[in-house]
Amino acid sequence: MEERRALDLILSSIILAVVAILPMFVTSPYWRGVLIVALYYSLAAMGWNLLGGYTGQFSVAPAAFCLIGMYTSALLVYYWNWAPHLGILMAIVSTAAIGLFLGWICLRLRGPYLALTTIAFSEIIRGVIRFSYDITRGDLGLSVPKLYGGGGRHLAYYYTFLVVVVLVQILLYLLIKSKIGLFLQSIRDDDVAARGRGVNVVWWKTFAFALSSLICGLAGGLYVHFIGLASPEMGLIMQSGLIIGMTVIGGMGTLAGPLVGGLILQPLSEYVREFGVQHMVIFAFLIIIVVRFWRAGLYGSLKNGLERVLYHG
Amino acid sequence: MDIFITGIIMGTFYALLALGLSLIFGILKVVNFAHGEFFMIGAYAYALIALRLEVSPFFVLLPVIVIGMLLGVVIERLLMRPLYQKYTEWGAMRDEYAIIVTFGLSLFLMNLANQIFGPYAISGPGLRPLRERVILGDIVTMSSHRIIAFGVGALILIIAYLLVRYSPWGKVIQAVSQNRFGASIAGINSVRVSSIVFGISGVLAGLSGALLCPIFSAEPFVGALPAVKSFVIVVLGGMGSVPGSIVGAYLLGVLEQFGAVYISYTYRDTFGFLILIIVLLLRPQGIFGEKAREV
């Protein structure tokens, strides 16, 4: 167990190091922009992974929480001239609060209630934002100031996102390693047994959901001050599918799986777009194939392969 | 009165959708997140076939039934089998697999439709010319397509309900949904039953899509909202309860119409979500459901 966790940590650090020097090789502003968006998705996917991969609870609306994060910050900055940093902070607070509330309502029950509630929630929240035209300007979106002013400062954004990704990754690592992490994983593996051993199942499920929502809210808050526009499109079910797909294809329940998934799939989707293919057709197909036949995903397979080489052969 | 009748009409289509979802939940204890795409494919099938062939739109409902059936059976065969073939080993992984795989399927079908047919809305011809109006008494004026579609929908709903409730096949379905293991000891082929249920579910959702097609038009993402509503309905009626899903559907249809008229037309789709939250807070097992186990 200790050895395996050490391997997970080393491998994740190597991947983060590669990500850190990536801009040396990617110099075009366009592709740097793509990488920043990829980091946004990775961050959201890391949040979803905590819930889906480690706790075994399924929200199908990570993008809805990203959207709430975006609009929390965007509205505060737009109407009350808050500094973007404070806006992002409030994005964290609001998504955590909504996560706690929804979790409190539907995680008392076993079964697919969380998935059902979140899918309804995601359609509704997007609708409310679209139709509250007076406040949110509907589909036109809200223009908000960027974190570092005008254009052309991709490196600053890239490393801001990267620092946040590293911090969240460290936080998640410590969490998963701690007693709380064991609680969460015990709930995933057998909730009845976990309860029998005295784990407060409902509370820890709710905790995981709120923390996961918070990470998505943080991702959304950062993103809106990079793009400079909050638009309801970012809350489409499709966006949630992208985030979930990145986690599943990268490797659910692994430390760096979501990051690997995000960094590979987002540039890939930009690439296939040039051929006039809907990238979601391919991704959705991959989600089905991976979850059906190849549980470990990309990062999981890599880790398992290394493990076999290092410790057994 | 007008509002009430519109609510009942919408409720019928919701019931067709929710019934299939509820049957699947009863049999497999999983939610099919691709249910809205059955609806979407039904709508496309109806619109495309009706626009190509010069026949009465009523005959077009037949190929829609066949397509819905095939779709359900094929999906069950390809993706649902792992849920019960390794029945004992899976345990906690069942929900995980079912949610992700059906969600992935939903995205796949939506985007495939988008890729093939493009994002444009295709509207099919009505069962009666769309401009024709019917005046019932002196209170209600309504397009005659709506009335006839309602009639057809209600007829199918009644047939489906009677089949599930009283026919030998229906008894088999009930047996498996009560106790899969027990049913298979009694000699019931539960795999075949799952296949049939998926077929029925595909037919009901497809027909619902076809009948509503002249009103809503077929487009790749048309299934999303009806699907969300049918999710609300199965929770409202009680997960897996057949009468619950029908009562829940009419309840939601009527409440939504009243909400749209008296509270806010713009936010009419949010009422479903509010109902969902209230039900989960006050009566999580739904109207007819057994008490869901709390952990």
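Reply: Start with pLDDT, the predictor's confidence in each residue, from 0 to 100. Chain A has a mean pLDDT of 85, and 96% of its residues reach 70 or more. This is a predicted model, in which local features need pLDDT of at least 70, side-chain atom pairs count only at pLDDT 80 or more, and totals for chains, interfaces and linings use all residues. Residues are numbered from 1 along each chain as its sequence is written, and chains are lettered from A and ligands numbered from 1 in the order in which they are written.

Me: In which element of chain A is confidence lowest, and in which is it highest?

Reply: Elements are DSSP runs, numbered from the N terminus: helices (H or I, at least four residues) and strands (E, at least two). In chain A, strand β1 (residues 142-143) is lowest, with a mean of 78. Helix α10 (residues 201-227) of chain A is highest, at 90.

Me: What is the mean pLDDT of chain B?

Reply: It is 81, and 89% of the residues of chain B reach 70 or more. Among its elements, helix α4 (residues 87-90) of chain B has the lowest mean, 50. Helix α2 (residues 35-52) of chain B has the highest, 87. For the model, ipTM is 0.85 and pTM is 0.86.

Me: How many helices and strands does chain B have?

Reply: Chain B has 12 helices and two strands. Along the sequence the pattern is α-α-α-α-α-β-β-α-α-α-α-α-α-α.

Me: How much of chain B is buried?

Reply: A residue is buried if 20 or more other C-beta atoms lie within 10 Å of its own, exposed if 12 or fewer, and partly exposed in between, with C-beta atoms placed from the backbone. Of the 295 residues in chain B, 52% are buried.

Me: How many residues of chain B are in contact with chain A?

Reply: Two residues are in contact if their C-beta atoms, placed from the backbone, lie within 7 Å. By that rule, 41 residues of chain B are in contact with 44 of chain A. Three helices of chain B, α5 (93-117), α10 (224-237) and α12 (270-282), each supply at least two residues of the side that touches chain A. α5(B) gives the most, 15 residues.

Me: At what angle do α5(A) and α12(B) pack?

Reply: Axes are lines fitted to C-alpha atoms, for helices over the stretch in contact, and angles run from 0 to 180 degrees between N-to-C directions. Helix α5 (residues 113-131) of chain A and α12(B) pack at about 145 degrees, with axes 9 Å apart. Among the residues making the contact are A:F121 and A:I124 of α5(A), and B:F273 and B:L276 of α12(B).
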